[in-house]
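The sequence and the coordinates come first.

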Amino acid sequence: MATQILMPALSPTMEEGTLAKWLVKEGDSVTSGQIIAEIETDKATMEFEAVDEGTVGKILIDEGTEGVKVNTPIAVLLEEGEDASAAAAAPAAPAAEKPAAEAKAAPAPTAPAEAAAPKAAPEVPEGTKFRSQTVREALRDAMAEEMRRDGDVFLMGEEVAEYQGAYKISQGLLEEFGARRVIDTPITEHGFAGLAVGAAFAGLKPIVEFMTFNFALQAIDHIINSAAKTLYMSGGQMGSPMVFRGPNGAAARVAAQHSHDFAATYAQVPGLKVVQPYTAADAKGLLKSAIRDRNPVIVLENEILYGRSFDVPELDDFTVPIGKARIAREGSDLTIVSFGIGMTYALQAADELAKEGISAEVIDLRSLRPMDTETVIASVRKTNRCVTVEEGFPVCSIGSYLSSVLMEKAFDYLDAPVLNCTGKDVPMPYAANLEKLALVTTAEVIAACKAVTYR
Amino acid sequence: MVATRRSAKANASNAASKDDLLHFYREMLLIRRFEEKAGQLYGMGLIGGFCHLYIGQEAVVVGLESTTKDGDQRVTTYRDHGHMLACGMDPKGVMAELTGRSGGYSKGKGGSMHMFSKEKEFYGGHGIVGANVPIGAGLAFANQYRGNDNVAFTYFGDGAANQGQVYETFNMASLWKLPVIFVIENNQYAMGTSLKRASSTPALYTRGAAFGIPGEAVDGMDVMAVRAAGLKATEHCRTGKGPYILEMNTYRYRGHSMSDPAKYRTREEVQKMREERDPIDHVRDLLVQDKLATEDDLKAIDKEIKAIINEAAQYAQDSPEPDAAELWTDVYA
């Protein structure tokens, strides 16, 4: 019986890709494991193998087609003796290892519109032109611009050079800056993080890329004991002008040891600065500020956001100050505070609430340490209600800290208890349905917003 | 100022001149007397927390410092007073840090284990066993990045030699040919655990073999042997050949820290070391035997050192505690 070949997913977070090349044509017979096509994403190019033997009955998607969604039928495979007419009736065969359910669970690929929001952050002058860029490109540009500007800045980490980055963030940097400044390390986080701290003590400005922040647990002694504390312990004589960056928090279906959100953990440590951008513009502007900062800065990125596009100002030297929140959407009935990928849920909720006549102000914290609580307090004094949104664990979370700040600084203005929407208090499960339950959802945010507005 | 560091350029040969020996004697004595005074002040309650004395190990750092040149860096663990004095840091500033006073190197905010001097290229003073090892390689990385021929002296103990990050560092240092000398100060006891009870292989100088790093065992109680090994190692590093391991076999007379009753070894063992292998007596004997110095010359040095130490101790007690406002400074640059 004829089967459909579906567009494969090359990574847990891939949502669409380019069918770059067909290596077979209609009428060719293929064997199991034979490479039949090349698939590209903004991150990688991969060869796609046939999962069964048969004859290519029909090619449904031409080579060179961009934006092919995962699980779209791309060809029909005929069994021995079948002819092309069977192709029309072909049922779908699961492509690669990607279960169909996962595509549905994946968050929407495009960022929700920030309606009613000032288009630009305060740091962008009026009249500035914008261009659409992915977070991935914005992070790369930030590093490249700072490396051009300052010869003491260098990048080190696993696969950052020849492989162009495990998540393709450092694409092109080796070619431009050479192996002296773009350095592939062995898989030894503890060692290379400590080595980078030593280089920072000596006055260089390392950017340490962790393949994910989960692996930085092996290096956390150097991040906290060596990098964060030395300025204080030396009475101000020397510190660690450096950046630790990489994806943080849940991606998709990578389970407990690859999904930990460390935002609250690092935000607790004096001596560190911590930022977690949501938009590409903030990713670029904050990373540039982090590289220039004379302190150790943790830049928490997110794998799911890497491929999302946002408007980035076309400025020669665009930076975003560390410690300043951004009002992403103005509103009057309640304040939703979030950061990083949490903004996805916050903005989706605000959209839905608007349809029901509830006007939510959405604040993107951007920086977690120092945290711009002033902006949050001012907003809550206006709206009198607050919901916080984050993917991290609930105990001692960013939201629980904000709750205590608001109780202290805006108690008389509150018309409802502050509610925290967080990830669940469990290690991240693997199963698609459980993972969905473990993460914060837009529905939960909407429910919390309705609760604080008594709707 | 006391304890001026000798330049290797001044005397790069192995042979010890009279001046060298007198210098070594003086430097080792300075450390010995400083540490004895620190022990006293600790007993008087003027120094708090942990205080790890270097008594017995003086030849290691004094011998190696004689092979440094301007721009070379050093980084060590929490048994760090000797390293600071040997690289020319002011005994007053070190002692005042021990007493937690504003005149200390870290304004009283670091204490015994966490002291630094950017000026003297002393990068700590680290309280976490083994953590200073990759940091030392990072200092060496900066030398290589900048294209100079400086060397990072990275000191750690026999206890730290079993740490995982040490081997991660060995791998990168050898892979990238970093100019770093790993100085393993093997004083035989990692706190209360003797080397043979903690190390699967006791020959620590061979620990770099898997990474292609040459290593050498050195009599760390003989300052001339230390210097000779140091000259060889620095030459290796300065000429781009990569890292080098020196295992300094030495001995600490005091406990691991002031609060260590030292029940894990016999009084006789310590006494025997003191009598037969003391690094300062060794140099003193050489000076007297070879008639390079008279008893009176040495007494004059003793007197001078005593005055320096008394001055440091007085300063460390007179210097005011840090202002309360200092609580909030130096968190961010």
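The model described here is predicted.

## Positive phi in two loops of chain A

In these terms, A:K168 sits in the loop that runs between β10 (153-157) and α3 (173-177) of chain A. Its phi is near 60°, which is a positive value in a residue other than glycine. Is A:K168 buried, exposed or partly exposed? A residue counts as buried at 20 or more other C-beta atoms within 10 Å and as exposed at 12 or fewer. A:K168 has 19 C-beta neighbours inside 10 Å, so it is classed as partly exposed.

A:R366 also has a positive phi, near 65°, and is likewise a residue other than glycine. The loop that holds A:R366 lies between β19 (360-364) and β20 of chain A. Because 28 other C-beta atoms lie within 10 Å, A:R366 is buried.

## A cis peptide bond and a buried leucine

The peptide bond between A:R369 and A:P370 is cis, with omega at about -5°. A:P370 is placed in the loop between β20 (367-369) and α11 (373-383) of chain A.

Leaving out residues up to four places away in sequence, A:L272 touches A:A228, A:Y266, A:P296, A:I298 and A:R369. The position of A:L272 is in the loop between α7 (263-267) and β14 (273-275) of chain A. A:L272 counts as buried because it has 23 C-beta neighbours inside 10 Å. A:A227 lies 45 residues from A:L272 in sequence, while the C-alpha to C-alpha distance between them is 8.0 Å.

## Overall form of chain B

Chain B contains eleven helices and eight strands. Its radius of gyration is 19 Å, close to the 20 Å that the globule rule gives for 333 residues, so chain B is as compact as a globular protein of that length. Taken along the principal axes, the box filled by the C-alpha atoms of chain B is roughly 55 × 50 × 45 Å.

Of the 333 residues in chain B, 53% count as buried. Among contacts in chain B with a separation of 6 or more, 77% are between residues 24 or more positions apart.

## Helix packing in chain B

Two packed helices are described by the angle between their axes and the distance between the axes. How are α1 and α2 of chain B arranged? Helix α1 (residues 18-43) and helix α2 (residues 58-65) of chain B pack at an angle of about 135°, and their axes are 9 Å apart. α1(B) and α2(B) are therefore oblique to each other. The crossing of α1(B) past α2(B) is right-handed. On the α1(B) side the contact is made by B:F24, B:E27, B:M28, B:I31 and B:R32, and on the α2(B) side by B:E58, B:A59 and B:V62. By type, the residues of this contact between α1(B) and α2(B) are five nonpolar, no polar and three charged. α2(B) is mostly covered, as eight of its eight residues are buried. The buried residues of α2(B) include B:E58 and B:E65.

A second pair is formed by helix α4 (residues 91-98) and helix α11 (residues 295-318) of chain B, which pack at about 40° with axes 8 Å apart. α4(B) and α11(B) are therefore oblique to each other. Their crossing is right-handed. From α4(B), the residues B:P91, B:K92, B:M95, B:A96 and B:L98 meet B:I308, B:I309, B:E311, B:A312, B:A313, B:Y315 and B:A316 in α11(B). The contact of α4(B) with α11(B) consists of ten nonpolar, no polar and two charged residues.

## Interface between the chains

How many residues of each chain take part in the contact between chain A and chain B? There are 34 from chain A and 32 from chain B. On the side of chain A that touches chain B, α4 (189-201), α5 (220-228) and α6 (230-233) of chain A each supply at least two residues. α4(A) gives the largest share of that side, with ten residues. The residues of the side of chain A that touches chain B comprise 14 nonpolar, 17 polar and three charged.

Notes: Residues numbered from 1 in each chain as written. Chains lettered and ligands numbered in written order. Predicted model: local features only at pLDDT ≥ 70, side-chain atom pairs only at ≥ 80, totals over all residues. Contact = placed C-beta atoms within 7 Å. Helix = DSSP H or I, 4+ residues; strand = E, 2+ residues; numbered from the N terminus. Nonpolar A, V, L, I, M, F, W, Y, C, P; charged D, E, K, R; others polar. Axes fitted to C-alpha atoms, helices over the stretch in contact; angles between N-to-C directions. Parallel < 35°, antiparallel > 145°, perpendicular 65-115°, else oblique. Left-handed = near helix turned anticlockwise from the far one by under 90°. Rg over C-alpha atoms; globule rule 2.2 N^0.38 Å.
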